[in-house]
Amino acid sequence: MNLQPIFNLAQICHLKGIKHAVISPGSRNAALTIAFVRHPQIKCYSVPDERSAAFMALGISLKTGRPTALICTSGSAALNYAPAVAEAYFNQVPLLILSADRPPEWIGQRDGQTIYQDNLFGRHIKKSFIFPSLEEDQESNQRGQEIINEAINTSISEDKGPVHVNIPFREPFYPDETTIYEYSNGVELIEPMLPISENLDQSAVEISGYKKILLVVGQSAKDDSLNALLSNLSSQHDIPIVSDIISNANDVAGVITSQDVFLKELKDDRLKPDLLITVGLSVISKNLKIFLRNNRPKAHWHMRREENVPDTYLALTRHISSDAKDFLQALSAKFSKNESQAAFQKTWQEINNRTKTHIERYDSKFFSDFNSYKKVLDSLPVGIDLHLANSMAVRYANVIGLKPKQNIEVYCNRGTSGIDGSNSTAIGSALMTDKQVFLLTGDMAFLYDRNAFWHNHLTDNMHIVVFNNHGGGIFRMIDGPSKQPELQEFFETRQKKDAKLVAQEYEFEYYSSQSENELIQVLPKFMQKGKRKILEIFTDAEQSKVAFKELFRKLSD
């Protein structure tokens, strides 16, 4: 067996900017493991649980913006990547998945660790490839280099995302002691095609024909230059900018952030836009989506370099395949103030400001999830990275919000919005930074991903807050399941576990609180730099439900 093509594969990854690989142990992927681990410019992490490994790789790529190599053996190993692969696909995060496989003649023959790995991830992958035979064949070796180039280029082009390269191996899997394999700079490199920007001027000119323009920012990485352009549109051109916490736009001048609260019951035709402009990925706010679907604008323009354009609000009329900043600059140059637009922004901002004041002043009568999230978010150190688990964690944080002076970058797995992998994603991200990294999570999401800690790469910049109300609290908030007799056992999945033993096993400092006074006392210690920490906050699910619903009821009153 000639393993030089596998060493060439690792070298191409290095030369095209891949600096990290997450590897799960196995035998059939031995050559891949050795080629990457021995490469002097690629940092490798060994993670036994493939599901956790994939989410860690996702976290690394979220932080670096580069593809992370993800390597596993044959059989069900790669199937465990599926949740993180789907998340990467919909959240447009680049990943290079390298799965070892049996030779094709053994597929479907009931041989061990053998499944159908070709096109394993279906539509949740940008592209799948089958690596050619590793025999002494120059044409196959050349084709292998072309495949890896194409795979990496595909992962980083346009709408970034995961790609899969399936590599069949015959025995022997391990290099012979007498054979020397090298990392040659003579491997073939193929540069990706540059995207072609559409003409922006025509759209920028047309925009003057609309009197009430609304701009919604979906999930985005923190980008100071983008936020500066959005601030200009808000302050100089009276365009209301609406964003969720995952948009990382909370420092935009006059930004609207409380829409999920005030749009729940509000019926106000003055908020209906003529033109809706969207940038970024998904939004959290269900009430915003319902409002815009029920009050469809005359036109909806979506700005983003991507092939599959979503019609989230059932009103899409134009896809501007351009970098958002290019379009916003052109828009700012062409658009001039008008009275209708100024009145439109004033209406949005007045309602938003009243709602923000209500949220800041609201205090439930008992120790609830809402009060606890509020105290934790207000206490976060300046300049940290903040990861939010799904279900109620991201929703509480979205309602309460962050202050611009906190200068916090927010991450959340909102591609598929699952609770699986939130621990692992945060840990992968923490490996890539010296900043303090905080994860706010519920007990179900935390316990679901306990294997996130089962490796030797935990860092001391990791702080985890577990809000433990002993079940899936989101189901108590929803009218359907909350009224069923099966609520506790089959929807909430009531449990009596806590994080204390997990903290002990993986050497986290452990803190807990069961009252507001205890939380106030413990927060300063927990927020300090030093050793990795877990803070567990125990609340009552029913009281938390009452407190959260009371927030909305008192606003409508």
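Begin with the aromatic rings, where 18 pairs are counted under a rule that pairs rings of Phe, Tyr and Trp (its six-membered ring) if their centres lie within 6.5 Å, with planes under 30 degrees apart called stacked, over 60 edge-to-face and the rest tilted. Before selecting anything, bear in mind that this is a predicted model, in which local features need pLDDT of at least 70 and side-chain atom pairs count only at pLDDT 80 or more, while totals for chains, interfaces and linings use all residues. Residues are numbered from 1 along each chain as its sequence is written, and side-chain values use heavy atoms, with hydrogens and water left out.

Select Phe7 and Tyr183, which form a tilted pair with 5.5 Å centre to centre and 45° between the planes. Phe7 belongs to helix H1 (residues 4-15), whereas Tyr183 is in the loop between strand E6 (162-168) and helix H7 (201-206), so that the pair links distant parts of the chain, 176 residues apart. Helices (H or I, at least four residues) and strands (E, at least two) are DSSP runs, numbered from the N terminus. Phe7 counts as buried because its relative accessibility is 2%, and Tyr183 counts as partly exposed because its value is 23%; here buried means under 20% relative accessible area, exposed over 50%, and partly exposed in between (1.4 Å probe, protein chains only).

Phe453 lies in the loop between helix H16 (443-448) and strand E15 (462-468) and Tyr506 in the loop between helix H20 (500-505) and strand E16 (509-513), so the pair ties together parts that are 53 residues apart in sequence. Both Phe453 and Tyr506 are buried. Leaving out residues up to four places away in sequence, the residues that Phe453 touches (heavy atoms within 4.5 Å) include Ile427, Leu458, Val502 and Phe508.

Now widen the selection to the nonpolar core, a set of buried Ala, Val, Leu, Ile, Met, Phe, Trp, Tyr and Cys residues joined through side-chain atoms within 4.5 Å. The largest such core has 45 residues, and those with the most contacts inside it are Phe446, Phe453, Met462, Ile464 and Phe508. Helix H3 (residues 50-64) gives the most to this core, with seven residues. A second, separate core has 44 residues, among them Val261, Leu377, Leu386 and Ile408.

While helix H3 is in view, pick out Ser52, which lies in this helix. Ser52 counts as buried because its relative accessibility is 1%, and the residues it touches, again apart from those up to four places away in sequence, are Val47, Ser424, Asp449, Asn451 and Ala452.

Which residues of helix H10 (residues 286-294) are buried? They are Asn287, Leu288, Phe291 and Leu292. These residues cover an arc of only 130° around the axis, which puts them on the same side of H10; the arc is that of the directions from the helix axis to the C-beta atoms. On the other side of H10, Lys286 and Asn294 are exposed.

Finish with two charges over rings, meaning that NZ of Lys or CZ of Arg is within 6 Å of the ring centre and within 35 degrees of the ring normal. Lys264 lies over the face of Phe552, 5.8 Å from the ring centre, and Arg532 has its charged end over the ring of Phe508, 5.5 Å from its centre.
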